[in-house]
Structures are given as structure tokens and as C-alpha cells.
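My entries follow in the order in which I looked.

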Protein chains: 2
Amino acid sequence: MARLKTEDRRKNIIDEAVKIIHKQGFEALTIRELAYRVNVTEPAIYRHFENKEDIILSIMDRMNEFDEELNKHIESVKGKERKIAELINFHFLFFEKNPEITSIIFSEDIFRNGKLLPDKLLSILTNRRGIICKVLEDAKRSREYQGLSSCNLATIILGFIRLVVLRWRLSGFAYSLVESGNSEAKTLLKLIYNYR
Amino acid sequence: MARLKTEDRRKNIIDEAVKIIHKQGFEALTIRELAYRVNVTEPAIYRHFENKEDIILSIMDRMNEFDEELNKHIESVKGKERKIAELINFHFLFFEKNPEITSIIFSEDIFRNGKLLPDKLLSILTNRRGIICKVLEDAKRSREYQGLSSCNLATIILGFIRLVVLRWRLSGFAYSLVESGNSEAKTLLKLIYNYR
DNA sequence: TTTAAGTTAGTAAACACTAACTTTCAGAAT
DNA sequence: ATTCTGAAAGTTAGTGTTTACTAACTTAAA
């Protein structure tokens with residue numbers, strides 16, 4: 001098959017690894033299967049990655065892209081209250097567009113290999129909560145959610161998003177996440193906006 | 001070692017299987033390891049279970065115990081509004097007491113083996129949401145959450161619980177789930193009770 | 001004394017990974 | 001412009017280990 005430079009091949013391998021986890025689960029991610037999908041032999045994989053854990057860690061690095069996108073998007077939204085709604089909407093939009101990512105984010109077992117990975121997920125969650133918390137703190141100033149803890153509220157919002165996405169995943173992505181998610185989000189937003 | 005009747009040995013095996021998943025992850029659940037923990041040889045396992053999937057399915061059956069306990073507990077609580085708070089509290093209490101259960105409920109990869117298991121988790125989640133939804137419907141009648149969808153609210157509550165428990169798991173069960181969970185729950189309850 | 005619960009000793013297949021060889025290709029020297 | 005060369009990307013053929021599972025034998029107990 002076509003010969004690729006290591007940078008391109010690395011990207012190629014990670015892409016296929018994510019697809020495997022998405023379609024067949026983390027257990028199915030073997031070097032054999034990966035090599036087959038990439039159309040090279042097994043040792044060729046080791047030309048570009050030290051070992052399997054190295055591959056998994058590289059997958060995690062790709063996850064950071066979302067947080068960057070999220071941050072950018074939120075900053076561009078005008079209106080502090082609208083940001084909360086847009087934050088939820090953006091999650092659903094992104095996951096509907098990149099369903100493979102949910103397979104990574106929701107795969108607990110990925111994060112149990114080694115000791116680095118649980119910390120990685122925890123830092124993703126903490127970081128995400130930080131972003132939401134900041135948006136809420138901003139909104140607080142313009143309206144009166146004074147009695148509420150912004151970070152606790154962030155937990156509620158993030159937990160809501162995760163569960164809605166999990167149900168969508170378990171359904172086999174059978175319906176529109178954006179549609180059904182935002183419909184359910186109305187109740188949450190009502191709850192927040194109507195807090196006195 | 002001591003010779004057990006098949007019923008007792010089955011329970012024995014399931015107990016150890018849950019412990020393995022809890023301590024070492026789903027990947028570590030091998031017949032070898034299981035037999036070692038149970039203090040029998042590998043073929044003895046197959047005396048009591050047809051194959052590995054049979055073991056996993058039996059683990060799932062045990063999960064139903066929680067829903068029964070939850071239902072009983074909620075019915076015993078007086079005061080329709082208090083039931084909501086107690087529902088959240090009971091989740092935290094149960095999981096703190098049975099941390100192994102969280103490893104099962106949160107292990108996506110368990111549910112990817114075969115086709116029966118994803119449906120199983122979906123039915124657990126749907127059932128749980130039904131329980132919460134019912135409590136909320138009751139509370140609705142005595143107070144005015146009229147503008148809110150009870151089932152959407154149930155999603156918010158369940159999502160909140162799951163995320164709080166997930167963070168606790170990722171921390172390595174380093175703190176009291178009941179304490180920190182209920183503290184965070186105050187914000188959610190405020191949000192619900194103060195809805196006008 | 002029958003039968004259920006256990007054993008020993010194995011199977012074939014899959015796993016992550018490696019040593020050693022070959023091919024491709026870009027850039028330098030002719 | 002063509003050839004040479006060295007390194008990078010790929011191969012074949014294997015390693016030892018672990019996996020789920022089984023056939024055939026033994027032991028204990030009701």
C-alpha cells in the first residue's frame with residue numbers, strides 16, 4: 001500500500017483506532033485489528049508508536065480539541081444568559097457531529113489502563129466544569145442567582161449533558177441528539193432562569 | 001477446598017467477579033483470575049456457568065436489587081417534597097456502601113459485549129428514571145412545578161447523581177460521597193424548590 | 001452407590017511485541 | 001540529468017504468554 005510519512009501515518013492510525021473503539025468497543029482495539037484497518041502489517045504500527053498505551057494516550061490528546069473549540073465558541077456568543085443555553089447546545093451539536101468522541105469520553109475502561117489515564121479524564125471533567133462555571137459566574141453578575149453555587153450548578157449541567165448523550169449512545173444513535181437534547185434542556189434552563 | 005452446592009458457588013463466583021471488576025477493571029475479569037479468587041480450578045467455574053457471557057449476565061441480574069431497595073425506601077419516606085431529597089441521598093448512601101456496584105453501572109465496556117447488555121443498561125436507566133419521575137409527579141400535585149416536565153427533571157437529577165458518583169470513582173473513593181454529594185445536591189434542590 | 005463438584009492436563013486461537021530483512025524515496029554527489 | 005546512499009517505512013516469520021474452553025478422570029457426600 002501507499003507509503004506515508006510518520007506524521008501522516010500516526011494520524012491515520014489514531015483515526016482508525018478511534019473508529020474501532022466507536023464501532024466495536026475498547027476491547028476490540030488490538031494491534032492486529034488496527035493494522036488490518038490501516039492496511040499495513042502489525043510491526044508497521046510499532047514503527048510509529050512505542051506500544052499500545054502510547055496509542056491510547058495519543059487518542060486522549062485529540063480529546064483536548066473539543067475544549068478549545070468550546071471555549072472559542074462560547075466567547076463568540078453575545079449575551080451572558082444565552083451563553084448557558086448555547087453551551088448546552090454546542091455540546092449536543094459537537095457530539096452529534098463526532099459520535100466517535102463519545103465512545104472515548106464514555107469508555108471508563110480506557111481510563112483504567114495504567115495510572116495516567118484516570119487523571120486525564122478527571123482533568124478533562126474538571127476543566128470542562130471550569131469553563132461552565134466561568135460562564136455561570138458571568139451570568140450571575142447580570143442576574144440574581146446569588147443563592148446558587150456556580151460550580152455546583154456546573155455539575156448539574158454537565159451531568160445532564162452526559163446522561164442525555166449516554167442514552168443517545170445506548171440507543172445506537174437512533175435519533176437526533178440536538179433535537180431531543182435541547183428539548184430536554186428547556187426544563188433545565190427554565191429551572192435556572194426562573195430561580196428567584 | 002470446601003465443596004459448595006451449585007447455588008452457593010454461583011453466588012460465590014458472582015461476588016468475586018464483581019470484586020475483580022471493581023478493583024482491576026472489566027478487562028481483568030478472566031476465568032483464570034476468577035478461579036484463583038474463588039479458590040477452585042478453571043474448569044470448576046464452567047461447572048456452574050455455561051460461559052463468560054453467562055457470568056456477566058448474572059452480574060447484571062444482581063443490579064436489579066438496587067432498584068427494589070430504592071423503591072421500598074422511597075415509599076417509606078413521608079412528605080412528598082422530602083422524597084426528592086431522600087431519593088438523591090439514598091443513591092449516595094447506597095453507592096458509598098456498595099462501591100463495587102458503581103464499577104458495574106459505570107463500565108460501558110461491559111455493556112458492549114453481545115447485544116443483550118446495552119439493552120439491559122438502557123432498561124436500568126429508563127426504569128430508574130421512571131421511579132424518579134413518579135416521585136416528581138406526586139410532588140407536582142402538592143406544589144406548583146406545573147411548567148416543568150417531570151421526566152426531564154428526572155433526567156437532570158439522574159445525570160447529576162451519575163456525574164457526582166463518577167467524580168468520586170475517579171478520585172479513587174477518596175472522600176465521603178454522601179457528604180460531598182448532598183452538599184452539591186443542595187443547589188439542585190434549591191433550584192427545584194424555588195421554582196415559581 | 002449414584003451424581004454433583006471438583007481435579008489434571010490439555011486444546012487452538014489471540015494477544016502484544018520483536019528480530020531481521022526489504023523496499024521506497026528524498027537529497028547529495030557525480 | 002543520472003546515480004548513489006542512507007534513513008525511514010514497510011515486510012516476513014516468529015517469540016512467549018494469555019485467553020476461553022474441554023475431555024477425561026477423581027473425589028466427596030446425600
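Entry 1. I started with B:E42, which is partly exposed because its relative accessible area is 32%. This is a predicted model, and I read each value below as computed from it. I then looked for the salt-bridge partner of B:E42 and found B:R32, with N and O 3.0 Å apart. B:E42 sits in helix α3 of chain B and B:R32 in helix α2 of chain B, so the bridge ties together parts 10 residues apart in sequence. B:R32 has 61% relative accessibility and therefore counts as exposed. I also noted that a polar side-chain atom of B:E42 is 3.2 Å from a base nitrogen of DNA strand D.

Entry 2. How many residues surround DNA strand D? I count 23, and the closest are A:R9, A:T41, A:R47, A:H48 and B:R32. By class, this surface holds nine nonpolar, five polar and nine charged residues. I asked which elements each supply at least two residues of the surface near DNA strand D. They are α1 (6-24) and α3 (42-46) of chain A, and α2 (31-38) and α3 (42-46) of chain B. The largest share, three residues, comes from α3(B).

Entry 3. Of the atoms of DNA strand D within 4 Å of the protein, 53% belong to sugar or phosphate, and the rest belong to bases. In chain A, a backbone N or O atom of A:T6 is 2.7 Å from a phosphate oxygen of DNA strand D.

Entry 4. I turned to the salt bridges. The search over all chains gives 18 of them. One of them joins the side chains of A:E16 and A:K19, at 3.4 Å from N to O. Both residues lie in helix α1 of chain A, three residues apart, or about one turn of the helix. A:E16 counts as buried because its relative accessibility is 13%, under the 20% limit. A:K19, at 38%, counts as partly exposed.

Entry 5. I looked up A:R167 and found a salt bridge to A:E184, with the closest N and O atoms 2.5 Å apart. The pair links distant parts of the chain, with A:R167 in helix α8 (residues 150-170) and A:E184 in helix α9 (residues 177-193) of chain A, 17 residues apart. Are these two residues buried or exposed? Both A:R167 and A:E184 are buried.

Entry 6. I checked B:H22, which lies in helix α1 (residues 6-24) of chain B. At 16% relative accessibility B:H22 counts as buried. Its side chain makes a polar contact of 2.6 Å with the side chain of B:S103. Leaving out residues up to four places away in sequence, B:H22 touches B:P99, B:E100, B:S103 and B:F173, and also A:R112 of chain A.

Entry 7. I ended with the core. The largest nonpolar core has 135 residues, and A:I157 and B:I157 have the most contacts inside it. I listed the contacts of B:I157 beyond four places in sequence: B:I84, B:L87, B:I88, B:I132, B:L136, B:L188 and B:I192. In soluble globular proteins, nonpolar side chains tend to be buried together.

Definitions and conventions
Residues numbered from 1 in each chain as written. Chains lettered and ligands numbered in written order. Predicted model: local features only at pLDDT ≥ 70, side-chain atom pairs only at ≥ 80, totals over all residues. Heavy atoms only, no water. Core = buried A, V, L, I, M, F, W, Y, C linked by side-chain atoms within 4.5 Å. Buried < 20%, exposed > 50% of the residue type's maximum accessible area, 1.4 Å probe, protein only. Contact = heavy atoms within 4.5 Å. Near = heavy atom within 4 Å. Polar contact = N/O pair within 3.5 Å; in protein donor to acceptor, adjacent residues only side chain to side chain. Helix = DSSP H or I, 4+ residues; strand = E, 2+ residues; numbered from the N terminus. Nonpolar A, V, L, I, M, F, W, Y, C, P; charged D, E, K, R; others polar. Salt bridge = Lys/Arg side-chain N within 4 Å of Asp/Glu carboxyl O.
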